[in-house]
Amino acid sequence: MIAIVPIRSGSKSIIDKNIKIINGKPLIYWVLNALEKSKVSKIILATDSKKYIEIVNDFNLTKVNTFLRSDVNSKDNSSSESVLIEVIKKENITEDIIF
């Protein structure tokens, strides 16, 4: 079972909301940490930001891998589904359960 977590750095309402500090850690940490403790075998963080990748790599979570998504899938109107399809194709994911 694989989890794909799409996050973008280009939020309009709250700039860089995914790395805002909440209870001493960036918001994305809490999502990834919960998945790390779950039965998920692999976590793929799909982002458009090299800065976000650096931050996530510093968490030292063993199940987390990062994926730098394409410019096409990093726009305001890009769908989550298009990001998931990009990751599945480029990472050659064949697992039956992906969320």
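This is a predicted model: local features need pLDDT of at least 70, side-chain atom pairs count only at pLDDT 80 or more; totals for chains, interfaces and linings use all residues.

User: Which residues have the most contacts inside the largest nonpolar core?

Analyst: A nonpolar core is a set of buried Ala, Val, Leu, Ile, Met, Phe, Trp, Tyr and Cys residues joined through side-chain atoms within 4.5 Å. Buried means under 20% relative accessible area, exposed over 50%, and partly exposed in between (1.4 Å probe, protein chains only). Here the largest core has 16 residues, and Val 5, Ile 28, Leu 32, Ile 43, Leu 45, Val 56 and Phe 59 have the most contacts inside it. Two or more residues each come from strand S1 (2-7), helix H1 (27-36), strand S4 (42-47) and helix H2 (50-57). H1 gives the largest share, 4 residues. Helices (H or I, at least four residues) and strands (E, at least two) are DSSP runs, numbered from the N terminus. A second, separate core of 8 residues includes Ile 44, Ala 46, Val 83 and Ile 93.

User: What does Ile 28 touch beyond four places in sequence?

Analyst: Contact means heavy atoms within 4.5 Å. By that criterion Ile 28 touches Val 5, Ile 7, Asn 18, Leu 45, Val 56 and Phe 59.

User: How many bridges join S4 to S1, and how many to S5?

Analyst: Two strands pair if DSSP finds at least two bridges between them. S1 and S4 run parallel and are joined by 6 bridges, with Pro 6 opposite Ala 46. S4 also pairs in the parallel sense with strand S5 (residues 64-68), over 5 bridges. S4, H2 and S5 make a right-handed β-α-β unit; right-handed means that, with the strands pointing away from the viewer, the path from the first strand over the helix to the second runs clockwise.

User: Why is S4 described as largely enclosed?

Analyst: In a regular strand the side chains alternate between the two faces of the sheet. In S4, 5 of the 6 residues are buried, so the strand is largely enclosed by the rest of the structure. Thr 47, in S4, has 0% relative accessibility, and its bridge partner in S5 is Leu 68. A polar atom of the Thr 47 side chain lies 3.2 Å from the backbone oxygen of Ile 7. The backbone nitrogen of Ser 49 also lies 3.2 Å from a polar atom of that side chain.

User: Which residues of H1 are buried?

Analyst: An α-helix has 3.6 residues a turn, so residues three or four places apart point the same way. In H1 the buried residues are Ile 28, Tyr 29, Leu 32, Asn 33, Leu 35 and Glu 36. Seen down the axis of H1, they fall within an arc of 160°, so they line one face of the helix; the arc is that of the directions from the helix axis to the C-beta atoms. These residues pack against S1, strand S3 (25-26), S4, H2 and S5.

How values were computed: Residues are numbered from 1 along each chain as its sequence is written. Side-chain values use heavy atoms; hydrogens and water are left out. A polar contact is a pair of N or O atoms within 3.5 Å; within protein, one must be able to donate a hydrogen and the other to accept it, and residues adjacent in sequence count only if both atoms are side-chain atoms.
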